[in-house]
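Please walk me through this model in the viewer, telling me what to select at each stop and what is to be found there.

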Amino acid sequence: MRLVIVSDAWLPQVNGVVRSLQRVAEVLVAQGDVVTVIAPHLFRTVPCPSYPEIRLAVTTSAKVGALIEAAGADRVHIATEGPLGLLARRHCLRTGRAFTTSYHTKFPEYLAARLPVPLAWGYRFMRWFHNAGGGCMVATPSLEADLAARGFGRLMRWSRGVDADLFRPRPDCDLGLPRPVFLSVGRVSVEKNLEAFLGLDLPGTKVVVGDGPARADLEARFPDARFLGMLEDEALARVYSGSDVFVFPSLTDTFGNVLLEALASGLPVAAYPVTGPKDVLTDPAVGVLDPDLRKAATAALDLRKDDARAFALQFSWEASAAAFRANVLAVH
């Protein structure tokens, strides 16, 4: 197939949305499909308000539409609800092109955490955006149930994968920090709820990998935690394997690719029992879900690294890409 993916999130951003789209596109291309990505790197950009590290494209529906047509696309997937996603949606509706979408972030909750915007307004916009397509891909059963109850239609399941060769146990890896090491990886911003992790009374060391607009404030307020900044590939994998428990405090993620990376590295997980963690951590041998995050983190110390690794091996990017492709073909 000749597929166009339109996304407001793309390289050099490092997050779950980019990683998922990038890996799925790589698998599809390796299997013979032609994939064109329309993303901010193709346009003039401006910084996102309150998050300047994210660049938003400045362009028109005509220009986005011209790129879709120039790619000879027979299928279109719109991954995000940002400027490019909106313009691509407009073009597809105007020209009668079927398209799929995907629900990556609890945008209404994300917005409400930053601005006094009622959740109902955010969900009204999201329904308007996604219900126009032929199908909306969601990562987990609980997210599907939640969105269905809110009036979203034509929901399709698309799970994620993990690079189990890169993210693997390394018994000789030592971060040189007092143990146990409690690790969190992700964007350092308000919607990730990192304060809930950093404020815990835990033994050993708390480590945060990632960057974002809240980093300076959190570093100043929690001087005992170690902030390592943005890490990728081997450097990131070594931090995972040199830690003891992965703590995932987010209440707004729809999946959490970092959960699989941690598990593949042999790292048990502590998290809240919310969408994402409760769908991924379906085996109590690999993670502890509890409204008391400190209780979850200390209990996770007793879980076996081998069980975490074995559980993660059930997920692959090949299977994720196959599900994505099947959804696209079903709609078109």
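A charge is taken to sit over a ring if NZ of Lys or CZ of Arg is within 6 Å of the ring centre and within 35 degrees of the ring normal. Keep in mind throughout that the model is predicted.

With that criterion in hand, begin by selecting Arg89 and Trp128: Arg89 lies over the face of Trp128, at 3.6 Å from the ring centre. Then select Arg150 together with Tyr123, where the charged end of Arg150 sits over the ring of Tyr123, 3.9 Å from its centre.

Stay with Tyr123 for the next stop, which concerns ring pairs. The structure holds ten aromatic pairs, and one of them joins Tyr123 to Phe152 in an edge-to-face arrangement, with 6.5 Å from centre to centre and 90° between the planes. This pair links distant parts of the chain, for Tyr123 belongs to helix α5 (residues 119-130) while Phe152 lies in the loop between α6 and β8, 29 residues apart. Are the two residues buried or exposed? Tyr123 has 2% relative accessibility and therefore counts as buried, and Phe152, at 6%, counts as buried as well. For another geometry, select Tyr240 and Phe246, whose ring centres are 5.9 Å apart and whose planes stand at 45°, so that the pair is tilted; both Tyr240 and Phe246 are buried.

Keep Tyr240 and Phe246 selected and turn to the core around them. The largest nonpolar core has 33 residues, and Tyr240 and Phe246 are among those with the most contacts inside it, together with Phe167, Leu183, Val185, Leu263 and Val269. The elements that give two or more residues to this core include β9 (181-185), α9 (233-241), β12 (245-248) and α10 (257-264), and α10 gives the most, with six residues. What does Phe246 touch, if residues up to four places away in sequence are not counted? Its contacts include Leu183, Val185, Tyr240, Val258, Leu259, Ala262 and Val269. In soluble globular proteins, nonpolar side chains tend to be buried together.

Now switch to a cartoon view and select the open sheet, in which six strands follow the order β2-β1-β5-β6-β7-β8 with parallel pairing. At its edges stand β2 (34-38) and β8 (155-157), each with a single partner strand, so one side of each is left without a neighbour in the sheet. Neighbouring strands of this sheet are turned by 25° against each other on average, direction ignored. Within the sheet, strand β5 (residues 75-78) and strand β6 (residues 100-102) run parallel and are joined by two bridges; Ile78 has Thr101 of β6 as its bridge partner.

For a contrasting pairing, select strand β3 (residues 44-48) and strand β4 (residues 51-58), which pair in the antiparallel sense over five bridges. Cys48 has Tyr51 of β4 as its bridge partner, and in this hairpin, which has two residues between the strands, Ser50 takes a positive phi near 75°.

The last stop is Gln314, found in the loop between α13 and α14 (317-331). With a relative accessible area of 58%, Gln314 is exposed. Finally, select Gly161 as well: the C-alpha atoms of Gln314 and Gly161 are separated by 8.7 Å, although the two residues are 153 residues apart along the chain.

Conventions:
Residues numbered from 1 in each chain as written. Predicted model: local features only at pLDDT ≥ 70, side-chain atom pairs only at ≥ 80, totals over all residues. Heavy atoms only, no water. Pairing = 2+ DSSP bridges. Helix = DSSP H or I, 4+ residues; strand = E, 2+ residues; numbered from the N terminus. Axes fitted to C-alpha atoms, helices over the stretch in contact; angles between N-to-C directions. Phe/Tyr/Trp six-rings, centres within 6.5 Å; stacked < 30°, edge-to-face > 60°. Buried < 20%, exposed > 50% of the residue type's maximum accessible area, 1.4 Å probe, protein only. Core = buried A, V, L, I, M, F, W, Y, C linked by side-chain atoms within 4.5 Å. Contact = heavy atoms within 4.5 Å.
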